[in-house]
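Good morning, and thank you for coming. Please look at the sequence and the model on the screen while I describe two parts of it.

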Amino acid sequence: MTGALVLAGTPMGQPGDASPRLREALASADIVAAEDTRRARGLASSLDVTIGGKLVSYYDHVEAQRAPQLVEAIADGATVLLITDAGMPSVSDPGYRLVAACAAADLRVTCLPGPSAVTTALALSALPSERFCFDGFAPRKPGARHDWLASLRTEPRTVVFFESPHRLAQTLADAAQVLGDDRSAAVCRELTKTYEEVKRGGLGELARWAADGVKGEITVVVAGASAIDDEADLESVVAAAERLADAGSRLKDACEQAAAGTPFSRREVYEAVLAARRAADN
């Protein structure tokens, strides 16, 4: 017998989004590995399906222990269906290690297409979607988050990432500071669910909106950077940084914003500003 690992996208909120193939797989798989077994039973019940095989848990903390067991079962001829609480396994959810282990063992891996918060948010964002990148969850620690945002300063592709509701306001405020208040973005909340909401605007505007508190599952889409202006001169960039500083920004933050979209780094602009101030004092 030839076993297989079957990855299946599950509904993000509406059971009606489940595909007929998912219904069939829930009923026929030898093993259903689920991020949350209770939610898996609830999904099956809402679809009027009886899970026909063995139901086992497969979440972050048991992945290392469970993956070898599932690989062995697949090698012995079992069909293993892998599902997460919502969306596609392996996309910021458990699954990657099992897929990699099956690939290394030359076992069959296939996928039942289904809902994805990434592409759903991208489609609803009204931002360019020809080229995009997905960055998973935004870093939790302020320093790491700042460095990550700085790396997006000249990223030309639209960027999609997940964020928790209680960190959203701070992440948007940081993004506005690093990428600029006017960088276009969209916050997509509770996609496909009853209270679905898509808020579009500049990062600064969205940060102010989120400051009042936002609930639900959050996906953020940020427009890519404009083309770098190779003709920008350092003197004009320094002047822009000074204007931002005069308006209340910290000097280093002002230099970072002014340097965005130019060939100059924040450090170059910062040192140039200090040199210009020293020259003006003499």
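Helices (H or I, at least four residues) and strands (E, at least two) are DSSP runs, numbered from the N terminus. Please note that this is a predicted model, in which local features need pLDDT of at least 70 and side-chain atom pairs count only at pLDDT 80 or more, while totals for chains, interfaces and linings use all residues. Residues are numbered from 1 along each chain as its sequence is written, and side-chain values use heavy atoms, with hydrogens and water left out.

Which residues of α3 are buried? They are Glu63, Arg66, Ala67, Leu70, Val71, Ala73 and Ile74. Viewed down the axis of α3, these buried residues fall within an arc of 160°, so they line one face of the helix; the arc is that of the directions from the helix axis to the C-beta atoms. As background, an α-helix has 3.6 residues a turn, so residues three or four places apart point the same way. The cover over the buried residues of α3 includes β1 (4–8), β2 (31–34), β3 (54–57), β4 (79–83) and α4 (96–104), where contact means heavy atoms within 4.5 Å. Just after α3, glycine 77 has a positive phi of about 110°.

I turn now to the sheet. Five strands form an open sheet in the order β6-β7-β10-β8-β9, with mixed pairing; two strands pair if DSSP finds at least two bridges between them. β6 (132–137) and β9 (197–202) stand at the edges with a single partner strand each, so one side of each has no neighbour in the sheet.

Five of the five residues of β10 are buried, so the strand is largely enclosed by the rest of the structure. Ile218, Val220 and Val222 are buried on one side of β10, and Thr219 and Val221 on the other. β10 (residues 218–222) pairs with β8 (residues 184–189) in the antiparallel sense over five bridges. Within that pairing, alanine 185 has valine 222 as its bridge partner, and arginine 189 has isoleucine 218. β7 and β10 also run antiparallel, joined by five bridges, and the bridge partner of valine 159 in β10 is valine 222.

Technical notes: Buried means under 20% relative accessible area, exposed over 50%, partly exposed in between (1.4 Å probe, protein chains only).
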